[in-house]
Amino acid sequence: APCRPAAAPGHPALPSSAPHPRPPRLSASSASAPRPLGPPRSVSIRFGWPRKAKSVGRGRSVRCMAAASDAAQLKAAREDIRELLNTTHCHPILVRLGWHDSGTYDKNINDWPERGGANGSLRFDVELKHGANAGLVNALKLMQPIKDKYPSITYADLFQLASATAIEEAGGPKIPMKYGRVDVTGPEQCPPEGKLPDAGPSAPADHLRLVFYRMGLDDKEIVALSGAHTLGRSRPERSGWGKPETKYTKNGPGAPGGQSWTAEWLKFDNSYFKI
Ligand code: HEM
């Protein structure tokens with residue numbers, strides 16, 4: 001098995017020589033149905049649905065005509081993303097991009113964009129430079145040509161489209177998506193640093209609960225979402241975690257190096273939960 005784990009507080013799967021982050025196990029006490037990350041519920045539109053002004057919160061409304069992504073462009077962009085995935089094998093980093101744009105969400109804040117979530121704020125340098133986002137500039141570089149080709153798609157929608165397509169192309173389920181996320185307009189609308197989970201906190205379960213409960217997610221959902229690490233690797237030169245390379249990563253596919261959590265780290269399956 002890859003990444004032979006040595007138990008350590010908060011990182012039950014750490015190898016002894018190089019730290020490798022692994023969110024701790026939580027008891028799945030609550031059993032509510034999974035919900036999508038972030039706030040798009042309020043202004044989302046299904047692929048191809050007619051766009052209407054929708055009510056957002058108390059009496060405010062957003063005219064989706066102006067904000068929503070163009071359905072034909074979304075469909076064309078999905079094909080370009082498939083092509084990108086096939087040629088560069090960038091599935092993991094696109095999933096991480098979608099997660100880090102959405103994972104700033106705070107269900108207790110009513111105002112947008114202060115409430116964070118999938119709003120395209122991760123395209124700005126100030127947020128890309130947050131410690132938790134190390135390396136994600138590479139994902140933005142992959143996305144920017146597609147964004148330039150399809151200007152009627154918001155960054156927020158593009159990041160989630162890329163993430164869902166990557167999961168699908170890696171063998172995961174087809175995710176029923178809705179589109180219509182609105183982009184923040186400038187770096188001053190980016191969330192403050194520290195909204196995403198830390199990989200090495202002193203009390204990992206408490207920390208994860210604090211962060212994910214803030215997004216409205218429960219223990220079962222934390223565990224399920226952590227299974228996304230069935231894809232990808234950690235890299236010492238990015239997050240500071242993991243080995244420079246292993247036998248599973250030294251030849252790629254895609255850019256070589258890093259330490260994966262699973263042997264087949266481009267395949268979306270349940271192996272993260274079995275190592
Ligand atoms: C539970 C708390 C979490 C922590 C502490 C955490 C931490 C990390 C760290 C440190 C890395 C390595 C990054 C690098 O060195 O490039 C990573 C990678 C990754 N994370 Fe997480 N993560 C968490 C949750 C999630 C969630 C919820 C998702 C998606 C739903 C996710 C998806 C990924 C993916 C796909 C990668 C691989 C990226 C790549 O190979 O480029 N993570 N995570």
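Trainee: Which element gives the largest share of the shell around the ligand?

Mentor: To read a shell, one asks which elements its residues come from; in this predicted model, helix 3 provides the largest share, with 5 residues. Of the 23 residues around the ligand, those that come nearest are Pro92, Ala228, Gly232, Ser234 and Ser239. Two or more residues of the shell are given by each of helix 3, helix 8 (219-226) and strand 5.

Trainee: How do the residues of that shell divide into nonpolar, polar and charged?

Mentor: The shell around the ligand holds 13 nonpolar residues, together with 6 polar and 4 charged ones.

Trainee: Let me stay with helix 3: how many of its residues are buried?

Mentor: Burial is read by counting neighbours, and a residue is called buried when 20 or more other C-beta atoms lie within 10 Å of its own. In helix 3 this holds for 11 of the 12 residues, so the helix is largely enclosed by the rest of the structure. Among the buried residues are Pro92, Leu94, Leu97, Gly98 and Asp101, and what covers the buried residues of helix 3 includes helix 2, helix 5, helix 6 and strand 5 (233-234). As for its length, helix 3 reaches 17 Å from its first C-alpha to its last, which is close to the 16 Å expected at 1.5 Å a residue.

Trainee: Which residues of helix 5 are buried, and what do they pack against?

Mentor: The general idea comes from the geometry of the helix: an α-helix has 3.6 residues a turn, so residues three or four places apart point the same way. In helix 5 the buried residues are Ala139, Met143 and Ile146, and they pack against helix 2 (71-88), helix 3 (91-102) and helix 6 (155-169).

Trainee: Where does helix 5 bend, and what do its ends tell me about its span?

Mentor: Helix 5 bends by about 35° at Met143, and a proline, Pro145, follows within four residues. Its 13 residues, 137-149, should span 18 Å at 1.5 Å a residue, and since the end C-alpha atoms are 19 Å apart, the two values agree.

Trainee: Which residues in the largest nonpolar core touch the most other members?

Mentor: A core is read through its contacts, and in the largest nonpolar core, which has 35 residues, the members that touch the most others are Ala77, Leu94, Leu97, Leu158, Phe159 and Ala162. Helix 2, helix 3, helix 5 and helix 6 each give two or more residues to this core, and the largest share, 9 residues, comes from helix 6. Apart from this core lies another, of 6 residues, among them Phe212, Met215, Leu217 and Ile222.

Trainee: What does Ala162 touch, if I leave out residues up to four places away in sequence?

Mentor: With those left out, Ala162 touches Ile81, Leu94, Leu97, Gly98 and Met143.

Trainee: Is Glu188 buried or exposed, and where is its place in the chain?

Mentor: The neighbour count is used again here, with 12 or fewer as the cut-off for exposed; Glu188 has 9 C-beta neighbours inside 10 Å and therefore counts as exposed. Its place is in the loop between strand 4 (178-179) and helix 7 (204-214). The C-alpha atoms of Glu188 and Phe124 are separated by 9.4 Å, although the two residues are 64 apart along the chain.

Trainee: And what of Lys129, buried or exposed?

Mentor: Lys129, in the loop between helix 4 (125-128) and helix 5, is exposed, with 11 other C-beta atoms within 10 Å. Between the C-alpha atoms of Lys129 and Glu193, which are 64 residues apart along the chain, the separation is 9.1 Å.

Trainee: Which backbone details should I look at in the loops?

Mentor: The peptide bond from Trp112 to Pro113 is cis, with omega near 10°, and Pro113 has its place in the loop between helix 3 and helix 4. The bond from Gly252 to Pro253 is also cis, with omega near 5°, and Pro253 is found in the loop between strand 5 and strand 6 (259-260). In the loop between helix 2 and helix 3 one finds His89, whose phi is near 55°, a positive value in a residue other than glycine.

Terms used. Residues numbered from 1 in each chain as written. Predicted model: local features only at pLDDT ≥ 70, side-chain atom pairs only at ≥ 80, totals over all residues. Expected span 1.5 Å × (residues − 1). Bend = angle between axes of the 7 residues up to and from the residue. Contact = placed C-beta atoms within 7 Å. Near = placed C-beta within 6 Å. Nonpolar A, V, L, I, M, F, W, Y, C, P; charged D, E, K, R; others polar. Core = buried A, V, L, I, M, F, W, Y, C linked by C-beta atoms within 7 Å.
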